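I am opening my notebook on a structure that is new to me. The entries below record what I looked up, in the order in which I turned to each part.

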Amino acid sequence: MFGLNRGDTLLLLLVAILTALAPFLLNPFPEGSSLAQFNGGYPDLMQRFVIFGIFAIGFNILFGLTGYLSFGHAAFLGVGSYAAIWMMKLLTMNVIPAIILSVIVAGLFSLLVGYISLRRSGIYFSILTLAFAQMSYALAYSVLTPITGGETGLQPKLSDPRVLDTMLGADGTSRANLFGLEMGQSWQMDWNGWVFTFNTGYYVAAFVMLIAFYLSIRIFRSPFGLMLRAVKTNQNRLNYTGVNTKPYTLAAFVISGMYAGLAGGLLVAMDTQVGPERMFWTASGEVVLMTILGGVGTLIGPVLGAGLIKYMENILSKINEGLLEKWFAFMPETAGDIVVTVLALFTGKGWHLTLGLIFMLVVIFLPGGLVGGLIQGGRRMFRTGDRSADRKVKSNQTPPTSTPVE
Amino acid sequence: MEAILLQILNGLDKGSAYALIALGLTLIFGTLGVVNFAHGALFMIGAFCAVMLSRIMNYSRVIIDESRTDFLGNPLKVEVPYLHDWFGPEIGQTMIEWSVPLAIIFSIPVMWVVGYVMERGLIRHFYKRPHADQILVTFGLAIVLQEIVKHFFGANPIPTPAPPAFAGSFDVGALIGFDPNVIIYPYWRLIYFAFAALIIGAVFAFLQFTTFGLVVRAGMNDRETVGLLGIDIDKRFTTMFAIAACVAGLAGVMYAPINAPNYHMGMDFLVLSFVVVVVGGMGSLGGAVLAGFLLGVLESIASMSQVIEYLPGINQIVIYLVAIIILLTRPRGLMGRKGVMEE
């Protein structure tokens with residue numbers, strides 16, 4: 001189907017079904033129960049799952065296939081966001097032109113950055129991308145304030161021209177919409193205490209993510225994708241055989257930049273505001289974390305990683321000490337106190353600690369990320385082939401991007 | 001002229017911090033071949049050594065002074081640090097005021113242990129892994145370390161004053177023939193610069209003039225041959241890692257009075273220090289120091305109002321701009337060696 005082989009079609013269908021049913025799957029606990037804390041099925045979070053999923057899928061096309069570790073991808077997300085918000089301010093609150101423009105602008109910007117940065121490889125490339133991103137951040141914060149709104153950022157205002165909207169006779173009060181369908185609109189279903197929320201914005205973003213996911217599968221399976229993998233394995237050898245790798249890596253860079261721009265545009269479409277902190281290097285670091293956590297170079301890994309990190313950011317950080325005390329009230333006082341004190345370290349404001357620890361454990365013990373670990377574990381459990389097959393998987397997951405200096 | 005000179009001086013203290021961190025990074029990279037993203041966290045731990053020591057020294061007991069009353073008319077509660085009891089009020093107070101310089105002594109063993117444990121416990125297992133993995137695992141470690149510090153010391157910056165003897169400013173201009181009060185410079189920053197120069201000199205002398213340094217330099221050039229000669233090079237490289245951790249820690253201790261330590265100061269410095277290392281050339285100690293001072297001074301010159309008038313916003317981006325230009329014109333950085341970090 002759609003030019004995919006059977007396995008990939010199944011994967012795509014599975015992802016499609018999971019995203020479609022996400023409002024049910026992420027809300028497994030009834031409203032008002034003590035476990036309702038863990039429900040992730042509210043619109044804001046679900047939107048973030050899919051949007052950052054797109055961001056990570058795009059990043060994976062660059063890092064997973066070519067091995068070039070960019071530390072500045074948040075710049076493209078930010079540029080996309082600014083482009084989208086300007087489209088909303090000047091033209092129309094319809095999200096389609098905003099998203100299209102954000103992809104185009106981010107693509108052009110990544111063409112410029114990529115053209116310069118890709119002259120170097122290894123850590124030099126990482127530092128160059130980081131430098132560009134930090135420059136964009138600093139400029140958005142200071143000199144470019146007329147365009148970016150500086151520290152306060154940008155939101156649509158009543159006084160904005162919105163040429164297309166005015167021509168069609170709408171007043172300035174409209175919200176972000178898709179031909180009249182408002183992004184913030186939700187429809188709730190109440191079933192025996194379970195409350196499921198279906199949000200227009202989420203489904204729009206999820207639809208876009210499915211397209212993005214489909215495109216990434218096609219890229220992974222194409223001759224172009226094969227060429228990118230060859231770059232990762234051994235760029236020198238490719239150069240010796242007479243292949244100019246620059247157009248391929250640049251294309252991969254621009255594609256992943258466009259994915260980032262798309263994510264930025266969608267973020268603006270969901271909550272119409274943007275600030276420069278979106279481009280700070282920690283945001284670039286976050287997408288690296290997502291991709292690694294889920295599994296570099298795997299199709300579904302980045303989406304899982306993005307989901308996991310955003311879930312932890314929103315759910316784990318909500319668990320405070322009072323809540324923990326309530327949960328462990330059944331234990332004897334001293335033991336309960338100890339448990340609460342220890343757990344409080346890892347939850348609430350300390351959720352970054354959990355993130356750092358999980359991340360370290362994944363890098364140390366599962367170089368292929370969660371998905372790589374699952375595949376490896378699965379093979380070990382249902383060992384059908386011989387040992388060489390196992391070894392082949394292993395070497396596929398951790399191809400040396402560079403030789404350590406001795 | 002005066003303004004430029006003043007800005008150069010202003011750039012020196014930040015440049016010193018960059019140079020010290022970059023020196024440590026390069027030591028680790030040159031010896032172990034590991035890209036250590038947790039180095040900023042070591043700098044931060046150093047700064048918090050100063051905070052911790054000043055907290056310990058201020059540890060006090062409460063006595064009730066019957067002769068004085070507070071505004072409600074109750075007897076006044078006076079906190080008396082234990083140091084006052086042990087050493088007498090005068091010496092005790094001096095010790096408290098000098099807590100930052102004293103923290104140098106306190107921080108060296110702490111940083112040594114931290115560095116040693118880090119290398120033996122974690123980094124050692126990553127020699128053979130790709131650079132990307134090393135970056136990622138140390139990045140994770142940096143997050144963990146800074147979260148631990150945040151848990152114990154809170155998220156707000158903690159002011160840690162320098163000894164009052166160094167509180168004032170020094171009239172540099174008068175010394176070299178300018179009008180008085182034109183170029184004045186805080187004492188502590190001058191001390192920081194001198195301290196950084198001392199440490200950098202010590203590290204270079206150690207590598208250049210001791211047998212240990214000779215072996216380490218040989219190992220940096222050709223690890224295998226040194227190993228074949230029957231020298232346990234790994235052990236010495238571990239020591240070098242601990243030394244690099246101490247250098248970062250000392251840079252942090254002395255930086256505490258300049259900028260109140262907070263838990264993410266390490267990350268802020270790390271990003272810039274990496275730019276510094278790359279500009280100086282991966283693996284080149286001299287390059288790291290040179291680039292550190294160069295970028296520090298450039299940054300502060302770019303923040304002069306005359307410069308900003310012509311090129312608005314240049315002060316925010318000058319470091320990155322210079323880094324991009326240098327990397328594109330000199331692929332190995334200012335003083336990089338051939339064959340380091342090139343696939």
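Entry one. I began with B:Val275 and, leaving aside its neighbours within four places in sequence, I found it in contact with A:Ile127, A:Ala131, B:Ile319, B:Tyr320 and B:Ala323; two residues are in contact if their C-beta atoms, placed from the backbone, lie within 7 Å.

A note on what I am reading: this is a predicted model, in which local features need pLDDT of at least 70 and side-chain atom pairs count only at pLDDT 80 or more, while totals for chains, interfaces and linings use all residues. Residues are numbered from 1 along each chain as its sequence is written, and chains are lettered from A and ligands numbered from 1 in the order in which they are written.

Entry two. I then looked up the largest nonpolar core, which has 219 residues, and saw that A:Ile54, A:Phe55 and B:Val275 touch the most other members. Helix H11 (residues 233–255) of chain B gives the most to this core, with 15 residues. Such a core is a set of buried Ala, Val, Leu, Ile, Met, Phe, Trp, Tyr and Cys residues joined through C-beta atoms within 7 Å. A residue is buried if 20 or more other C-beta atoms lie within 10 Å of its own, exposed if 12 or fewer, and partly exposed in between. Helices (H or I, at least four residues) and strands (E, at least two) are DSSP runs, numbered from the N terminus.

Leaving aside neighbours within four places in sequence, the contacts of B:Gly280 include B:Ala22, B:Gly287 and B:Met335. The C-alpha atoms of B:Gly280 and B:Leu20 are separated by 13 Å, although the two are 260 residues apart along the chain.

For chain A I listed 19 helices and four strands. Buried residues make up 45% of its 406 residues, and the C-alpha trace of chain A spans about 65 × 60 × 45 Å along its principal axes.

I ended on helix H13 (residues 281–294) of chain A, where twelve of the 14 residues are buried, so the helix is largely enclosed by the rest of the structure. Among the buried residues of H13(A) are A:Trp281, A:Glu286 and A:Gly294. H13(A) is followed by A:Gly295, whose phi is positive, near 135°.
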